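Please look through the structure shown here, taking it one part at a time.

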Amino acid sequence: MPTLGLGTWENEDPAQCAESVRTALEMGYRHVDTAQIYGNEAAVGEGIDAAAVDREDVFLATKVWISNLAPEDVVATTKASLETLGVDTVDLLYVHWPAGAYDPEETLPAFDELVDRGLTERVGVSNFEPHHVERAMDVLDAPVFANQVETHPFCQQSALRAHAAEHGYELVAYSPLARGSVFDDDVVRDVAAAHDASPAQVSLAWLAEKGVTAIPKATSEAHIRDNWESRSLELSAEEIARIDAIERHHREVHPDFGPDAWE
Ligand code: NAP
């Protein structure tokens, strides 16, 4: 899985969303993240189609929404997602939250069926606490490939990172820029200034150093490029330690919904 991808939540204008995806892929991105609930799978598919990049070179992930997690709905809505995306298979299919119609014993065998039928290459989970991941590992035949959770300098997920390393799955950071909040942090700004970099690049470089895949959402070519260029930013051990110290266990997305602390 390419370790820097493009997020698409709230990239809702279809033409703009397709253009962001096309721009990112032609710049070099090879990982695109969407979800049924974002309402933009058609535009994401159009962007992939429009880009001068082969579909098989793109790591495409989508997520089954919480109201679609009864087994028959997992299968029917995933087929609908593939049709909307205009693809035969996705590279990664996530359970979006362990909530709503989620029932591990009922939901997860349907994900195994989708792997067996070739409709997804891999199974992922999102917003799962360690005990949810372990239950999923017990029930699934397929490995849990990744857990996508909010991760950034204000919500560092050190316990979940250790759990991922111990159990052999990838951590994918959503809201890796804390939805813009990191841009105002003095430490992040200071480190950015020292490298003539942007605060966004510092947040992404910090995540890369932690071995976490990041999927920043960006709409404009300038933001898409700024994030892409974070790959050449190397932070010193002292800078990493300074950013480690700004942890505040703060989540931007649904702080009242689902797990509020993994630490
Ligand atoms: P984010 O990536 O932390 O932040 C996105 C915001 O930062 C947007 O306002 C974007 O503006 C701005 N931005 C991006 N790059 C920038 C740059 N270089 N300089 C200045 N501003 C920049 O937040 P997110 O969208 O919440 O998270 C990223 C992705 O994670 C989502 O799009 C989605 O794919 C996924 N996600 C998953 C879940 C889940 O439950 N699994 C939850 C939330 C998010 P522009 O759009 O104007 O460029």
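In helix α6, which spans residues 158-167, the residues L160, R161, H163 and A164 are buried. These four cover an arc of only 160 degrees around the axis, and they therefore lie on the same side of α6. The face turned away from that buried side carries the exposed residues A165 and E166. As this is a predicted model, such descriptions of local features rest on residues with pLDDT of at least 70. The partners against which the buried residues of α6 pack are α5 (130-139), β6 (144-150) and β7.

The stretches on either side of this helix can be followed as well. Q157 is found in the loop between β6 and α6, and with a relative accessible area of 2% Q157 counts as buried, because buried means under 20%. From this position the side chain of Q157 reaches the backbone oxygen of E150 at 2.7 Å. Just after α6, G168 takes a positive phi of about 75 degrees.

In α2, the buried residues are E41, A43, V44, G45, G47 and I48, and what covers them includes α1, β2, β3 and α3. The loop between β2 (31-33) and α2 holds G39, and G39 is exposed, with a relative accessible area of 67%. Although G39 and N11 are 28 residues apart along the chain, their C-alpha atoms are separated by 9.2 Å.

The interior comes next. In soluble globular proteins, nonpolar side chains tend to be buried together. Here the largest nonpolar core has 85 residues, and those with the most contacts inside it are F111 and L235. Helix α8, made of residues 199-209, gives the most to this core, with six residues. Which residues does L235 touch, not counting those up to four places away in sequence? The list for L235 consists of V191, H195, V202, A205, W206, I240 and I243.

Several distances describe how polar atoms of the chain are placed around oxygen atoms of the ligand. A polar backbone atom of T8 is 3.1 Å from an oxygen atom of the ligand. In the side chain of N127, an N or O atom is 3.0 Å from a ligand oxygen, while for the side chain of H96 the corresponding distance is 3.3 Å.

How many salt bridges does the structure hold? There are 13 salt bridges, and in one of them the side chains of E10 and R179 meet, with 2.9 Å from N to O. Because E10 lies in the loop between β1 (6-7) and α1 (14-27), and R179 in the loop between β7 (170-174) and α7 (186-195), this pair ties together parts that are 169 residues apart in sequence. E10 is partly exposed, at 40% relative accessibility, and R179 is partly exposed too, with a relative accessible area of 43%.

Another salt bridge joins D91 and R55, whose closest N and O atoms are 3.1 Å apart. The pair links distant parts of the chain, 36 residues apart, with D91 in the loop between α3 (71-85) and β4 (92-95) and R55 in the loop between α2 (41-50) and β3 (59-64). Are D91 and R55 buried or partly exposed? D91, at 13% relative accessibility, counts as buried, whereas R55, at 23%, counts as partly exposed.

R242 and D190 form a further salt bridge, in which the closest N and O atoms are 2.9 Å apart. Since R242 belongs to helix α10 (residues 237-244) and D190 to helix α7, the pair ties together parts that are 52 residues apart in sequence. Both partners are partly exposed, R242 with a relative accessible area of 30% and D190 at 42% relative accessibility. Finally, salt bridges can also be linked to one another, as in the network that E19, R22 and E26 form.

Conventions. Residues numbered from 1 in each chain as written. Predicted model: local features only at pLDDT ≥ 70, side-chain atom pairs only at ≥ 80, totals over all residues. Heavy atoms only, no water. Salt bridge = Lys/Arg side-chain N within 4 Å of Asp/Glu carboxyl O. Helix = DSSP H or I, 4+ residues; strand = E, 2+ residues; numbered from the N terminus. Buried < 20%, exposed > 50% of the residue type's maximum accessible area, 1.4 Å probe, protein only. Arc of directions from axis to C-beta. Contact = heavy atoms within 4.5 Å. Core = buried A, V, L, I, M, F, W, Y, C linked by side-chain atoms within 4.5 Å. Polar contact = N/O pair within 3.5 Å; in protein donor to acceptor, adjacent residues only side chain to side chain.
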